Amino acid sequence: MNAALDVRGLTTRFDTRGGMVTAVNDVSFAVEPGRIMGLVGESGSGKSVTGFSILGLIDAPGEISAGQVLVDGTDLRTLAPDALRRMRGRRVAMVFQDPMMTLNPVLRVGDQMAMAVRVHDNVSKRAAWDRARAALDTVGIPAAAERLRAYPHQLSGGMRQRVAIATALLHRPSVIIADEPTTALDVSIQGQILAEVRRLADETGTAIVWVTHDLAVVSSLADDICVMYAGRIVESGTAEQVIGAPRHPYTRGLIDSVPSLHPPGQPLPQIPGSTPQLVNLPSGCPFRPRCPRATEICATDPPLSGTDHPALCHHPLTEAPA
Amino acid sequence: MLGYLIRRLAQAAVVVLAMSVIVFVGVYAIGNPIDVLIDPGATQEIREKLIAQYGLDQPLWRQYFTFIANVAQGDMGTSMVYNIPVVDLVFSRLPATLELVFVSVCIATLIGIPAGLYAGYRPNGVAAKLIMALSVLGFSVPTFWIGMLLIMAFAVNLGILPSGGRGDVGSFLGINTSLATLDGWSHVILPAINLSLFKMGLLIRLTRAGMVEAMRTDYVRFARAQGLTEREIVFSHVLRNISIPIVTVFGLELGSTLAFAVVTESVFTWPGVGKLIIDSILQLDRPVMVTYLVLVVILFVLINLTVDLIYARLDPRVRLKGGS
């Protein structure tokens, strides 16, 4: 099956005062239609920048310096600015972290959604509102026609995030990038949204990249998981492989520190230290200073081992049977 | 909405009343108009007769209540200098100031807001830096000096525009204004530019600041992620959000320009109310001062009310208190 989204060697750099920061470093992954890929990492691991890089939404001083982003076989990186803009929202859409901020506070929900419809499709305003209403129905918003006339501040956080998701769905895109869309929500609302997203992926065949730091969320939602550390993908595989039999010591550490994946009654292990400053990245494996398995050889760049469930490590944990 | 309006108008009435007391006391404190108006050689008899005629022998509070009683009957008093009703005097000068302010506000808005939007959209570009530098000049160089430079350049050296005064008055839609004639425009354009520079600088900076901030918000990113064009993002999403502070400052500036266009009017000998009030202060023409200042207060109150109503239109989160 052809991938809906195929990212190859994506690299994004920021020219900061402290030096060149490679926030996304040679990242490659693919997502097939109808599948959900969890992109997991700590704050500062480059996972959100990866999401924005896919849409080409990197502002100066940032720059996407290398790689391909194939959406249904079209490389977004080779498109002219206006052609790229036409892809956004139509073939590949995005949902943001904070639903309180993503909607324009002074415009009616319906006007904002209708604008998003009409920028790609030449339809009447009325038809655009009808499309918006249908989209709100799809994400399970009751009394959709009424909500369209509301302003964002009249809706709850969960409702606003559903509106954002509905907006992303307006053009039935092949790919949706969801940048921590449930982080700012109550746990109960979070559960509803996750169930909704799962259903949408199954029904519409949309490929979803779910960017998150929350391994518990991803383990229940995603089909595949990529773990990011210091701008690189250090491990990737199906959710069962990565959660059930992690190969990278960093993934192991992440899983161990999730309360719900850990036997109760014992102290929760944590990964010592914090994410490295990307400006002064140590040579070799960036996880080396925090890694319990690190040896001398880790000062050199780690190899990618395994094909089905690869990990970027000199000393991967128990070889997963291919 | 209606309740809100009624409450605001009641508040306005209180403000105007309080202001009239302050103005009356203040004007009383400045000096005795008789000393200025009367021929120093006049006899004591004539002097006392005049003082009694203007009611200046009465205690202050009685003068005030006489004034209020007259106002209640629609009589704002008579100018001591021109000896014509104050209302007629002020309203004979007001159209000149209104047209000057109107033109200058239009210039400031039509140039200031687009320039600010551009400077905020590309804040690091050369053009943006140039715009910002000019905006600093706009509100830090003294108005009278720029006014004189404009006269030097366009009236004296180039000789293409008149140096001062108001041009021919024509009639447009039943309103008598110099803006209806070409000669009127040639007279109004220099003082209007002069008067607009400060406001233009302010609008540029305000718009730019709002724009820079707005372009970093999530809703702009989200709009970009939907594939909206930059034009739609700026004009449909951003402009409305940043117009709230702009409207506030615009309103205040409009009021103060109308009330205190004095400097420009003096430089260009523009026969507006600003010139009238300066003259009346110099001659201690009390009724004119009091009437004018009360008019200014009413003006500010009305502008603020309008600004509040526009707020409620622009930002759905703003609720006008007092009656729904």
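**The sheet and the chain contact**

Mentor: Happy to! In this predicted model, let's start with strand 1 (residues 5-16) of chain A, which pairs with strand 2 of chain A in the antiparallel sense, over nine bridges. To find your place in that pairing, look for A:Val7, which stands opposite A:Phe29 in strand 2 of chain A. Strands of a sheet pair through backbone hydrogen bonds, either parallel or antiparallel.

Now widen the view. The two strands belong to an open sheet of four strands in chain A, with the order 2-1-4-5 and antiparallel pairing. At the edges of this sheet are strand 2 (19-31) and strand 5 (74-75) of chain A, each of which pairs on one side only.

Next, turn to the place where the chains meet. Here 24 residues of chain A are in contact with 20 residues of chain B. On the side of chain A that touches chain B, the elements giving two or more residues are helix 2 (81-87), strand 6 (92-95), helix 3 (99-102) and helix 4 (109-118) of chain A. Sorted by class, that side of chain A has 13 nonpolar, six polar and five charged residues.

Finally, a word on the partner. Chain B has 13 helices and two strands, and its C-alpha atoms fill a box of roughly 85 × 60 × 35 Å along the principal axes. Of the 324 residues of chain B, 33% count as buried. Among contacts in chain B between residues at least 6 apart in sequence, 71% join residues at least 24 apart.

Definitions and conventions: Residues are numbered from 1 along each chain as its sequence is written. Chains are lettered from A and ligands numbered from 1 in the order in which they are written. This is a predicted model: local features need pLDDT of at least 70, side-chain atom pairs count only at pLDDT 80 or more; totals for chains, interfaces and linings use all residues. A residue is buried if 20 or more other C-beta atoms lie within 10 Å of its own, exposed if 12 or fewer, and partly exposed in between; C-beta atoms are placed from the backbone. Two residues are in contact if their C-beta atoms, placed from the backbone, lie within 7 Å. Ala, Val, Leu, Ile, Met, Phe, Trp, Tyr, Cys and Pro count as nonpolar, Asp, Glu, Lys and Arg as charged, and the others, Gly among them, as polar. Two strands pair if DSSP finds at least two bridges between them.
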